[in-house]
Amino acid sequence: MYEQIAFYLFSMLTVILFLITVMSKNVLYAMTSLASGMVLISGFFFILGAEFLGVVQLIVYVGAVMALYSFAMMFFDATRSIKEKNTSSALVFLLGGMSALVLVLMFAAPIFSENIQALYPMHPEAGNAQDVGIVLFTKYLIPFEVAAVMLLVAMIAGIILAGKKMDRSLTQDMSVDMEKEIMIQKDAK
Amino acid sequence: MEATTLGVVIKAIIILAIISAIAGFGTYLERKVLAFMQRRLGPMHVGPYGLMQILADGIKLFTKEDIIPQNANRLIFALAPVITAATAFIALSAVPVFPDFTIPSWIPLLGGTFVPSIAADINIGILFVLGMMAAGLYGPLLAGMAQANKWGIIGAARTAVQFLSYEVVTGLSILAPIMIVGSLSLVDFNNYSSEHGWLMFTQPVAFVLFLIGGFAETNRTPFDLLEHEAEVVSGYATEYSGMRWGMFFIGEYANMITVSVLSAVVFMGGYNDMWFLPGWLAIILKIAFVFFLMLWVRASWPHVRPNQLMWLCWKVLMPIAVINVVVTGIVIMV
């Protein structure tokens, strides 16, 4: 009974919070409801007994949304509402509705099919983290490694994009360095 | 013995009551320890030896005027201190704070109820605690962004910087002990150290890294960038007064206790019996020692700049932590 109460509470709160994320014009409300929605989703994993996934959801999204906050801090005034430029609300409505419909069909399909069954059942005696580890390093090894390589590529790209002129200080006087460089170039000529 | 719902509820109330009292008393201890280290006397006037100072502080906090700035986002402004305090206590729900006990049967209504040592005994305790403490940083972040104050914004930006710096170090440093023990449950850590000795001696590098990460996580002094008075007035807490500010304070001290408990259980042998000391006394002494260490460090070292913190975490501590994990892996394999 507790699980049902918790499920309906969590699902109601999640839907409301994500609605706020989409509808709100204040960046602070949008970000806060996004973060708390993500934290509440980890509650579903805990109800299902997937504790490891729940905690991973918590850790990953807390960090990820924290990074989003820092962008919001740089680009918006958090205490004012933002004026949005809507070009065509009919198009937005149509596209949003279509994608929502597709998502509902996708997630409702297993309910109507009889063929769904767990290929890798849980071992209650081993624990959640071990189960995830075994499946990740046997059946899904290649997707796991591909994801790792993609993350590595993204990291290198990030370092290259952000790393220009990292050997120079932003606070020190640049004009001295510039003069020296001009002198060196003149000497080279 | 199986934990009943009533036992868990009692446990939650005990954690709330005792830890917030200890958090209040911690401020007195901090002022006294700092005072003795700096050859002062500290609070002396209220009660014998200044012991009643905490009561006076409490009365002051409760009766202070509660001010919300005109242009602030009122809802988020009110929400932020609650986030800090709540997440600190939620994190405490998954760590063993006091030993198991049964309420004596002569007490009416509650007699014979078994109260477990961990309120929520989940198998991935250590990750849950770290994740919940990380979520606690939303408190300073939202507080700084909601108060329409430039010092507040700087405090919030420093929160994000600090979070993105220490999180990797804490996670990687705790990974090597997890690999050795082979479990994420704090009870398993305790059992491992009763058989094989303290992890502090087999994993000294991880212990030091975890302590440094813990100092950054609880905003203790070498890394207290969020509200450093000399630089940013009071950082994220500039516009807060009265009980709202008090909630930030209680959350911070509860987080200090959580980090102390984590390092006591993971690295320092947990609540096993030690020589002639019974387990419950041993863990209280260990927790008190780590707590004292935090005050000691505060009295000894000045704080670092934000860019120095990022340099330290990403360029020094993270490579050391990765090397530690790799070496531990090789040793386990061989």
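This is a predicted model: local features need pLDDT of at least 70, side-chain atom pairs count only at pLDDT 80 or more; totals for chains, interfaces and linings use all residues.
Most residues other than glycine have a negative phi.

A positive phi is also found at Y49(B), with a value of about 60°, and Y49(B) is not a glycine. Y49(B) belongs to the loop between α1 (5-37) and α2 (53-63) of chain B.

## The nonpolar core

The largest nonpolar core contains 113 residues. The residues with the most contacts inside this core are V65(A) from chain A and, from chain B, V95(B), V129(B), L142(B), A146(B) and A254(B). Helix α11 (residues 242-267) of chain B supplies the largest share of the core, 15 residues.

What does V129(B) touch, leaving out residues up to four places away in sequence? Its partners are A91(B), A94(B), V95(B), T258(B) and L262(B). One of these, V95(B), is itself listed with V129(B) among the core residues with the most contacts. Two others, T258(B) and L262(B), fall within the residue range of helix α11 of chain B.

## Chain A

Chain A has 7 helices and 0 strands, and its pattern along the sequence is α-α-α-α-α-α-α. The chain has 189 residues, of which buried residues make up 16%. Where contacts in chain A join residues at least 6 apart in sequence, 50% of them link residues at least 24 apart.

## Interface between chains A and B

Across the interface, 21 residues of chain A contact 26 residues of chain B. On the chain A side, the elements that give two or more residues are α2 (27-47), α3 (51-75) and α5 (128-137). The largest share, 12 residues, comes from α3(A). By class, this side of chain A has 14 nonpolar, 6 polar and 1 charged residues.

V65(A), named above for its contacts in the largest nonpolar core, falls within the residue range of α3 of chain A.

Technical notes. Residues are numbered from 1 along each chain as its sequence is written. Chains are lettered from A and ligands numbered from 1 in the order in which they are written. Two residues are in contact if their C-beta atoms, placed from the backbone, lie within 7 Å. Helices (H or I, at least four residues) and strands (E, at least two) are DSSP runs, numbered from the N terminus. Ala, Val, Leu, Ile, Met, Phe, Trp, Tyr, Cys and Pro count as nonpolar, Asp, Glu, Lys and Arg as charged, and the others, Gly among them, as polar. A nonpolar core is a set of buried Ala, Val, Leu, Ile, Met, Phe, Trp, Tyr and Cys residues joined through C-beta atoms within 7 Å. A residue is buried if 20 or more other C-beta atoms lie within 10 Å of its own, exposed if 12 or fewer, and partly exposed in between; C-beta atoms are placed from the backbone.
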